[in-house]
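Hi everyone, thanks for coming.

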Amino acid sequence: MSVSAPIRRITIPQLRARKGQEPIVVLTAYTTPMARLLDPHVDALLVGDSLGMVVHGLDSTVGVTLEMMALHTAAVRRGSVRAAIIADLPFGSYQASPRDAFAASARLLAEGASAVKLEGGEEMAETVAFLVARGIPVMGHVGLLPQSVNVLGGYNARGRSAEEAARIMSSAKAMAAAGAFSLVIEGTVEPLARRITEEVAIPTIGIGASVACDGQVLVVDDMLGLTGAGTPRFVRRYAELEAAITEAATGFAADVRARRFPGPEHVFAEKKPS
């Protein structure tokens, strides 16, 4: 009798080697059931700090804590056997010092992450190098930085001016030089995202960037149509589950109020004596 080979998790070096090859598929995941559903279809699951807004109802990602990230990272790990798992370092957990960043990263790796992701450019290069030298793979993140929304003043596309474009390009190169294995480019004008992809030696993962990137990521709730009417320009909704859930809940409520549910098939009859 033949025995199936065990499923091997995609490694960070394997993702790093995909530069210029088959595009890397990434979706966010925050729970065990969703990770289980997505795992066969993606190369990496991103436990994004977007969970603060998507799951916990926060106004931004700034209020996400390390405890929240650890909890959701462990949940995603339990639902995944194949995809690499990348966890965001939350705001305030890594900016103060490389040692702080190491402690936070070690916590997330202990919960099951394969790597961590952090936002920033040249100012974070020392931290990235510190982490990589100590065995923690790092994905960088440039362009629109959600954790810096209070400084940026909103979620508008970045790189429109020559000065800002040069700063983002410099940030991307600094992340690569510091040892990041890949780079998210978010909310960045297409020609700039394309140039970054051409000029850095590590894979780029686009979100609101360019089809030329080495991979793409979306927030799964956006992709499934679960985030209401305000869908960002860069999102393609592959399903409309919000409408399906509303229809199901409406039907359930109507059946309960009309005493159509539960029916005889849903309740337990008294056991007849033998």
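Let's begin with a question: in which strand does Glu-186 lie? Glu-186 lies in strand S6, residues 182–186; helices (H or I, at least four residues) and strands (E, at least two) are DSSP runs, numbered from the N terminus. A word on the source: this is a predicted model, where local features need pLDDT of at least 70 and side-chain atom pairs count only at pLDDT 80 or more, while totals for chains, interfaces and linings use all residues. Residues are numbered from 1 along each chain as its sequence is written, and side-chain values use heavy atoms, leaving out hydrogens and water.

Back to Glu-186, which an unreviewed UniProt entry lists for "active site"; such annotations may be inferred rather than shown by experiment. Glu-186 is buried, because its relative accessible area is 11% (buried means under 20%, exposed over 50%, partly exposed in between, with a 1.4 Å probe and protein chains only). Leaving aside neighbours within four places in sequence, its contacts (heavy atoms within 4.5 Å) include His-141, Leu-144 and Ile-207. With His-141, there is also a side-chain to side-chain polar contact at 3.0 Å (a pair of N or O atoms within 3.5 Å, one able to donate a hydrogen and the other to accept it; residues adjacent in sequence count only if both atoms are side-chain atoms).

Next stop, Thr-32, in helix H2, residues 32–38. Thr-32 counts as buried, since its relative accessibility is 17%. Beyond residues up to four places away in sequence, Thr-32 touches Ala-75, Arg-78 and Gly-79.

Last, Met-53, in helix H3, residues 51–54. Met-53 is partly exposed, at 35% relative accessible area. Thanks, all!
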